[in-house]
Amino acid sequence: MSESAPLGHALQPKACPSVTARHPLLRALWLLGGWLSLVLGFIGIFLPLLPTTPFVLLAAFCFSRGSARWEHWLVNHPRLGPMVRDWRATGPCPCGPSNWPR
């Protein structure tokens with residue numbers, strides 16, 4: 001996403017040939033990994049022992065490698081997209097001493 005894009009602006013798919021797998025088998029494996037992660041994340045909504053967010057983030061990573069179209073769909077999804085956009089904008093939560101409880 002470009003630095004000048006407003007916060008509410010939908011992310012555009014990144015069709016970078018160096019990132020998206022060129023080989024059809026690799027592309028299929030990335031897509032399979034993305035869909036498997038997304039299904040596990042969906043199951044995690046209902047099962048308390050299975051986390052949702054890490055699987056959605058893993059699906060976004062896999063889709064970014066395998067298909068710009070599916071990455072775009074996930075990033076712009078009304079329920080799942082904010083998780084991915086927040087992670088890409090801020091990264092993991094800060095863990096330094098300034099954030100320790102006092």
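1. Leucine 29 lies in helix 1, where a helix is a DSSP run of H or I of at least four residues, numbered from the N terminus. Together with Leu25, Leu26 and Leu32, Leu29 forms a nonpolar patch on the surface, and these residues have about 410 Å² of accessible area together. Such a patch is made of residues with over 30% relative accessible area and no salt bridge, nonpolar side chains (Val, Leu, Ile, Met, Phe, Trp, Tyr) being joined within 5 Å; a salt bridge is a side-chain nitrogen of Lys or Arg within 4 Å of a carboxyl oxygen of Asp or Glu. Accessible areas come from the Shrake-Rupley method with a 1.4 Å probe, and for residues only the protein chains shown count as cover.

2. The model is predicted, so that local features need pLDDT of at least 70 and side-chain atom pairs count only at pLDDT 80 or more, while totals for chains, interfaces and linings use all residues. Residues are numbered from 1 along each chain as its sequence is written, and side-chain values use heavy atoms, with hydrogens and water left out.

3. The protein chain has four helices and zero strands (a strand being a DSSP run of E of at least two residues). Of its 102 residues, 27% count as buried, that is, under 20% relative accessible area (1.4 Å probe, protein chains only).

4. In helix 3, which spans residues 68–75, Ala68, Glu71, Leu74 and Val75 are buried. They cover an arc of only 125° around the axis, which puts them on the same side of helix 3; the arc is that of the directions from the helix axis to the C-beta atoms. The cover over the buried residues of helix 3 includes helix 1 (24–46), helix 2 (53–66) and helix 4 (81–90).

Key
Buried < 20%, exposed > 50% of the residue type's maximum accessible area, 1.4 Å probe, protein only. Contact = heavy atoms within 4.5 Å. Patch = residues over 30% accessible without salt bridge, like charges linked within 9 Å, V, L, I, M, F, W, Y side chains within 5 Å.
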